[in-house]
Amino acid sequence: MLSLATGLDALTRFGRALADPIRCRILLALREAPAHPSDLADALEISRTRLSNHLACLRDCGLVVAVPDGRRTRYELADERLGHALDDLRTAVLAVEADKMCPDAETKGCC
């Protein structure tokens with residue numbers, strides 16, 4: 001059963017998805033157009049197994065949906081507004097110092 005994530009839960013799920021560069025690349029590719037996993041794997045030059053794991057994460061986060069397409073499955077963004085949000089985030093200007101990372105980068109593997 002599907003439920004809707006709102007507010008803080010939605011932001012947390014979005015942040016978890018964006019924490020990995022491959023998932024970011026998948027989301028940006030799906031922003032352009034829905035795609036089949038084999039086509040995504042080829043376009044992103046990653047193995048199908050690795051892609052499958054990342055698509056599962058993105059599905060669990062609620063950002064993408066799997067749509068039956070004949071004998072295949074096509075993936076697309078769960079909501080078209082996610083594409084606009086990705087554009088806004090991608091073009092945002094961040095105030096960071098070039099020689100600094102967040103304090104937890106080394107121990108928690110972030111940033």
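Predicted model: local features only at pLDDT ≥ 70, side-chain atom pairs only at ≥ 80, totals over all residues.
**A first look at the fold**

If you walk along the sequence, the elements come in the order α-α-α-α-β-β-α-α.

Let's start with the overall picture. The protein has 111 residues, and buried ones make up 25% of them. Its accessible surface is about 8100 Å², with 54% of that belonging to carbon and sulfur atoms. Now take the contacts between residues at least 6 apart in sequence: 52% of these join residues at least 24 apart.

Next, a pair of helices. How do α1 and α4 pack? Helix α1 covers residues 7-18 and helix α4 covers residues 48-61; their axes lie 9 Å apart, at an angle of about 170 degrees. Angles over 145 degrees count as roughly antiparallel, so α1 is roughly antiparallel to α4. On the α1 side, the residues that meet α4 are Arg13, Arg16 and Ala17, and their partners in α4 are Leu58, Asp60 and Cys61. Sorted by class, this contact has three nonpolar and three charged residues, and no polar ones.

Finally, the cysteines. How many disulfides are there? The count is zero. Cys57, for example, is in no disulfide: the nearest cysteine sulfur belongs to Cys61 and is 4.2 Å away, whereas a disulfide needs the two sulfur atoms within 2.5 Å.

And is Cys57 buried or exposed? Cys57 counts as buried because its relative accessibility is 19%, and the cut-off for buried is under 20%. Cys24, at 22%, counts as partly exposed.

How values were computed:
Residues numbered from 1 in each chain as written. Heavy atoms only, no water. Buried < 20%, exposed > 50% of the residue type's maximum accessible area, 1.4 Å probe, protein only. Axes fitted to C-alpha atoms, helices over the stretch in contact; angles between N-to-C directions. Helix = DSSP H or I, 4+ residues; strand = E, 2+ residues; numbered from the N terminus. Parallel < 35°, antiparallel > 145°, perpendicular 65-115°, else oblique. Contact = heavy atoms within 4.5 Å. Nonpolar A, V, L, I, M, F, W, Y, C, P; charged D, E, K, R; others polar. Areas by Shrake-Rupley, 256 points an atom, 1.4 Å probe, with all protein chains shown as cover.
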